Amino acid sequence: MQHSYTLLAPAKINLYLEIIGDRPDGFHELVMILQSISLCDRIKLHPNGREQFRIFCQHEQVPSDQTNLAYKAAQLMRQQFPQHFANYGGVDITIEKNIPVAAGLAGGSANAAAVLVGIDLIWKLGLTHHELQTLAAQLGSDVPFCLSGGTAIATGRGEKLGSIQPLENFWLVLAKYNNLAVSTAWAYQTYRQQFYDTYTRSRQGIDQRTKQVHSGPLVSAIIHKENAKIGQLLHNDLEKVVLPEYPNVAQLRETMQRMGGLGTMMSGSGPSVFTLCESFEQAKQIQKSVFEAIPDANLGIWIAQLVNTGISIQS
Ligand code: ATP
């Protein structure tokens with residue numbers, strides 16, 4: 001009798017996102033500080049005894065076919081370990097979607113990371129963390145981070161990770177218009193069109209700039225636990241293209257910033273916006289004030305905590 005597993009897949013926010021330049025492979029060279037949060041999807045993996053994987057998800061914006069990132073992760077495992085697929089068979093993957101979709105919170109990537117971990121367990125592969133990370137990088141730039149979680153500096157396309165000491169005891173107010181989605185590809189393409197003259201293009205130039213950012217002020221503030229500075233040093237280059245295109249996101253960001261907290265920023269390619277807080281009470285107060293200031297039924301506002309885990313097993 002094969003085991004079923006339920007995994008928790010946390011969303012991420014970007015505390016820092018800087019676009020350095022173009023890479024030969026067509027992706028952007030980035031420097032990011034990524035952070036896991038307690039808002040998470042629940043992924044159930046159940047051996048189905050068939051020669052196929054099946055995706056079950058109730059969320060209308062999430063595909064249940066082969067385009068689902070969770071499905072792609074399962075297919076990658078099948079390609080890499082055909083003998084184990086033949087021995088153990090396929091898996092039914094049920095996604096309980098709590099992370100807002102196309103929100104800059106890496107929901108799809110988190111689901112893919114969970115499937116790698118789950119199939120590793122079901123097929124008793126015993127993969128090392130490094131082996132799982134290598135598979136994750138083939139699925140998408142954010143997947144390696146979603147696997148390990150916590151607080152990390154990400155460079156390259158976002159797949160090269162260096163850990164920083166975890167940020168503890170922070171809370172977060174996270175807001176997103178439910179009827180609004182921003183395509184990550186659109187955000188990066190638009191940035192390239194508008195800011196191409198700022199790009200570093202040579203390999204040497206990229207290495208040089210990446211080193212400078214590594215020792216940046218935000219990393220130092222995190223290491224020294226300077227909370228006020230952490231809030232002031234949040235940064236996201238993609239705000240420069242997303243906020244002018246989506247005035248209601250810009251207005252949401254302004255409103256949240258006015259309500260207090262340590263600092264406010266858009267996450268990833270948006271359109272979700274977050275405010276870092278030092279306590280649950282402060283987060284609760286800001287959530288209430290933003291709801292009062294923007295009485296829009298389409299606005300979702302969550303409270304979450306910064307967490308130090310990537311994919312974890314619930315049962
Ligand atoms: P990122 O921050 O990594 O760019 P995101 O949070 O902006 O990601 P996702 O929630 O991952 O975006 O969804 C992006 C698109 O991918 C959606 O339009 C959705 O249709 C598709 N998608 C495919 N698989 C999934 C999945 N498992 N969960 C969510 N979206 C998925």
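The model is predicted, with local features requiring pLDDT of at least 70 and side-chain atom pairs counted only at pLDDT 80 or more, while totals for chains, interfaces and linings use all residues. Residues are numbered from 1 along each chain as its sequence is written, and side-chain values use heavy atoms, with hydrogens and water left out.

The ligand is surrounded by 20 residues, of which Ala106, Gly108, Asn111, Asp142 and Thr184 are the closest; a residue is near a molecule if one of its heavy atoms lies within 4 Å of it. By class, this shell holds 8 nonpolar, 9 polar and 3 charged residues (Ala, Val, Leu, Ile, Met, Phe, Trp, Tyr, Cys and Pro count as nonpolar, Asp, Glu, Lys and Arg as charged, and the others, Gly among them, as polar). Helix α3 (residues 107–122) supplies the largest share of the shell, 4 residues; helices (H or I, at least four residues) and strands (E, at least two) are DSSP runs, numbered from the N terminus.

Polar contacts are pairs of N or O atoms within 3.5 Å. A nitrogen atom of the ligand lies 3.0 Å from a backbone N or O atom of Leu69, and a nitrogen atom of the ligand is 3.0 Å from a side-chain N or O atom of Lys97. An oxygen atom of the ligand lies 3.0 Å from a backbone N or O atom of Leu105. Taken alone, the ligand exposes 610 Å², and the protein buries 78% of that (Shrake-Rupley method, 1.4 Å probe).

The ligand sits in the largest pocket, as more than half of its atoms lie within 2 Å of the grid points. A pocket is an open set of points on a 1 Å grid over the protein atoms alone, where a 1.4 Å probe fits, with protein on both sides within 12 Å along at least five of seven lines; lining residues have an atom within 4 Å of a point. The volume of the largest pocket is about 1000 Å³, taken as the space filled by probe spheres set on the points. Leu69, Ala106, Ser109, Asp142 and Thr184 are the closest to the pocket centre among the 43 lining residues. Two or more lining residues come from each of β1 (5–22), β2 (28–47), α3 and α6 (184–195), and α6 gives the most, with 5 residues.

Most residues other than glycine have a negative phi, and most peptide bonds are trans. Ala106, in the loop between β4 (91–96) and α3, has a positive phi of about 60°. The peptide bond from Gly270 to Pro271 is cis, with omega near 5°.

Conventions:
Polar contact = N/O pair within 3.5 Å; in protein donor to acceptor, adjacent residues only side chain to side chain.
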